[in-house]
Amino acid sequence: MSGGALWEHSRHWLNLRPVYATGAWILDNLPVQVGYGITRVATELVGRLSPSQRAGIESNLRTALAHLNPGIAPGELDRRVRRTTRRVFANRGAWFADLSVMAGHRQLDGIFRFRTRGCWDALRKTRESGRGAILASAHLGNWFGGGVIVARYGMPLRSVMYRNHAGDAMDRRVAKRGNVRQTYIDGNPLSMVEIVGALRKG
């Protein structure tokens with residue numbers, strides 16, 4: 001495994017296979033609302049017990065929010081940074097919970113509401129032309145939501161992604177269940193060659 005910022009970010013003390021496995025078991029076996037509630041509490045604790053990650057997120061947010069809100073009062077900036085940092089950690093917990101549920105044995109239609117927006121007709125026409133299409137996701141992990149939706153509509157999909165170091169087994173289960181093919185690039189200096197190869201495979 002090559003080094004780099006992505007791997008350093010992934011070396012959080014909770015990003016371990018046993019932790020992922022425990023969380024996945026809870027979300028697959030306890031009532032859904034209980035599992036998500038436990039995840040929200042755990043996420044709040046993670047935010048409080050991860051000072052280095054919290055400081056990094058706050059620093060990035062402070063820069064971004066100050067740029068987007070010129071003239072903002074220092075006190076208001078501090079409040080927005082703290083509030084948004086909590087939302088970042090909460091979103092990470094929601095990501096873990098959704099991925100765990102989708103990797104498990106529950107019927108997804110009773111838990112998730114799959115909504116589709118945007119220009120699906122253009123996507124279908126592009127696919128029918130034989131050229132294929134590239135769907136760019138805004139954040140790592142979104143493939144298992146949007147990707148599964150596209151596959152459910154009968155469109156073959158291949159996800160080109162970095163490996164989730166602790167949750168790769170869950171990723172594979174979701175991909176198999178959702179009929180999503182995967183190509184991992186893992187920070188390889190020749191990753192562009194792998195990406196082009198994956199696109200040609202379809």
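1. First, a term you'll need: a residue is called buried when its relative accessible area is under 20%, exposed when that area is over 50%, and partly exposed in between, using a 1.4 Å probe and protein chains only. Ser50 is buried, as its relative accessible area is 4%.

2. A word on what you're looking at. This is a predicted model, where local features need pLDDT of at least 70, side-chain atom pairs count only at pLDDT 80 or more, and totals for chains, interfaces and linings use all residues. Residues are numbered from 1 along each chain as its sequence is written, and side-chain values use heavy atoms, with hydrogens and water left out.

3. Back to Ser50. You'll find Ser50 in the loop between helix 3 (32-48) and helix 4 (51-68); helices here are DSSP runs of H or I with at least four residues, numbered from the N terminus. A polar atom of the Ser50 side chain sits 2.6 Å from the backbone oxygen of Val46.

4. Now have a look at the second largest pocket, with its volume of about 350 Å³. On a 1 Å grid over the protein atoms alone, a pocket is an open set of points where a 1.4 Å probe fits, with protein on both sides within 12 Å along at least five of seven lines; lining residues have an atom within 4 Å of a point. The volume is the space filled by probe spheres set on the points.

5. Who lines this pocket? There are 17 lining residues, and Thr43, Glu44, Gly47, Arg86 and Phe89 lie nearest the centre. Helix 3, helix 4 and helix 5 (74-103) each supply at least two residues, and helix 5 gives the most, with eight. By class, the lining has seven charged, five polar and five nonpolar residues. Asp, Glu, Lys and Arg count as charged; Ala, Val, Leu, Ile, Met, Phe, Trp, Tyr, Cys and Pro as nonpolar; the others, Gly among them, as polar.

6. Last, the aromatic rings. Rings of Phe, Tyr and Trp (its six-membered ring) pair if their centres lie within 6.5 Å, and planes under 30 degrees apart are stacked, over 60 edge-to-face, the rest tilted. That rule gives two aromatic pairs. Tyr20 and Trp95 are edge-to-face, at 6.4 Å centre to centre and 70° between the planes. Tyr20 is in helix 2 (residues 17-29) and Trp95 in helix 5, 75 residues apart. Both Tyr20 and Trp95 are buried.

7. Why is the pair of Tyr20 and Phe96 edge-to-face? Because the planes of their rings stand at 90°, with centres 5.1 Å apart. Phe96 is buried, like Tyr20, and Tyr20, Trp95 and Phe96 form one aromatic cluster.

How values were computed: Polar contact = N/O pair within 3.5 Å; in protein donor to acceptor, adjacent residues only side chain to side chain.
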